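The sequence and structure come next.

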Amino acid sequence: MKKYLLVFSCLISFQSFCQDDLMDMLDKEKGTQPQYTTATFKATRLINGQTIETVSKKHLNFWISHRFGAVNSGFIDNFFGLDEARIRLGLEYGLSDNLTVGLGRSSQEKTYDYYVKYKAIRQSNSVPVTVTGYLSGAANTMATGYTLPSGSTLKFDDNLERQTYCAQILIARKFSDKLSLQIMPTVIHFNKTEVEDMKNDMLALGFGGRYKLSKRVTLNAEYYLTDHGNSSVSDKYHNSLAIGFDIETGGHVFQLHFTNSRGMVERHFIAQTLGEWGKGDIFYGFNIARTFSFDGKSKKDKH
């Protein structure tokens, strides 16, 4: 009997030793695995511009965006800008967790935009930032010879002249559960500029961030410092500044904000912002994003 108890005791000791040794191996293995940062921002858009976030594979985002008139337009005449609005409708789809394609249509200059985003680098316990590449195009479909808000008249000889392109590198870091910051080096190319002495290429540097106020609410801000050049219309344009809130409710994200830019496409809010905060040229606006899943496997997993 004592012999059996001794054997049993040895087996238990051996099992305990193996279990401890296995746990140590798993801990070491876990330590070598990258721990990726998630939810740097609540949505793929910060306010007007993009964030480093991409849409999950086989998921579709439907965007509805509004920009009302200027707050300083008066109560009687324009109800502080709420009597008028510009709208953009957009769709973006996740081809993979890191690759997103999108398209949209804006009422400003009847513009169609299309884009692709690729998350090349993800922040982790060994990588300090997330890096996403963004390429977009925009087609102006206004009748040739129309007058821009700046006062310039724009005429097109062919459809290629209607195109504008934008390239951005989005670099962000989530410093804590509450604070995330992002910078956005940007190049915009106009196939045709509004005046002859304007350069076709425009450089800008964007700054943005969010601060988490509660589980579902964040304070957001973004600013684009743009080199408008030395053309005859450069002094009419200003840097874009926007401040707002994100409110997350299940599959929806509501974004409420104030900005001096009425445009919702890069060529408009980065290159052609006419409003000045100091003069009260501030536009109230909102974005609503609704996410739809086409991943049948994930739906089955939930049941």
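T218 sits in strand 11 (residues 217-226); helices (H or I, at least four residues) and strands (E, at least two) are DSSP runs, numbered from the N terminus. The model is predicted, so local features need pLDDT of at least 70 and side-chain atom pairs count only at pLDDT 80 or more, while totals for chains, interfaces and linings use all residues. Residues are numbered from 1 along each chain as its sequence is written, and side-chain values use heavy atoms, with hydrogens and water left out.

With a relative accessible area of 1%, T218 is buried. Buried means under 20% relative accessible area, exposed over 50%, and partly exposed in between (1.4 Å probe, protein chains only). The side chains of T218 and N220 are joined by a polar contact of 3.1 Å. A polar contact is a pair of N or O atoms within 3.5 Å; within protein, one must be able to donate a hydrogen and the other to accept it, and residues adjacent in sequence count only if both atoms are side-chain atoms. Neighbours within four places in sequence aside, T218 is in contact (heavy atoms within 4.5 Å) with K42, R210, Y211, K212, L213, G244, F245 and D246.

The covered face of strand 11 consists of T218, N220, E222, Y224 and T226, and the uncovered face of V217, L219, A221, Y223 and L225.

Strand 11 runs antiparallel to strand 10, with nine bridges joining them; two strands pair if DSSP finds at least two bridges between them. A hairpin of four residues links strand 10 to strand 11, and L205 has L225 of strand 11 as its bridge partner. Strand 11 is also antiparallel to strand 12 (residues 240-249), through eight bridges. There, V217 stands opposite I247.

## Q123 in a loop

Q123 lies in the loop between strand 4 (111-121) and strand 5 (130-140). Q123 counts as buried, at 5% relative accessibility. A polar atom of the Q123 side chain lies 2.9 Å from the backbone nitrogen of K174.

Q35 is 88 residues from Q123 along the chain, and their C-alpha atoms are separated by 8.5 Å. Leaving aside neighbours within four places in sequence, the contacts of Q123 are Q35, Y36, T37, P128, V129, T130, A172, R173 and K174.

## Pockets

The largest pocket holds about 780 Å³ of space. On a 1 Å grid over the protein atoms alone, a pocket is an open set of points where a 1.4 Å probe fits, with protein on both sides within 12 Å along at least five of seven lines; lining residues have an atom within 4 Å of a point. Grid points are joined across faces, edges and corners, and a volume is the space filled by probe spheres set on the points. Of the 34 lining residues, F41, K42, E53, T54 and S56 lie nearest the centre of the largest pocket. This lining has eight nonpolar, 14 polar and 12 charged residues. Ala, Val, Leu, Ile, Met, Phe, Trp, Tyr, Cys and Pro count as nonpolar, Asp, Glu, Lys and Arg as charged, and the others, Gly among them, as polar.

The second largest pocket has a volume of about 300 Å³. It is lined by 18 residues, and R86, P149, R262, L274 and F283 are the closest to its centre.

## Whole protein

The protein has four helices and 14 strands. Of its 303 residues, 42% are buried.
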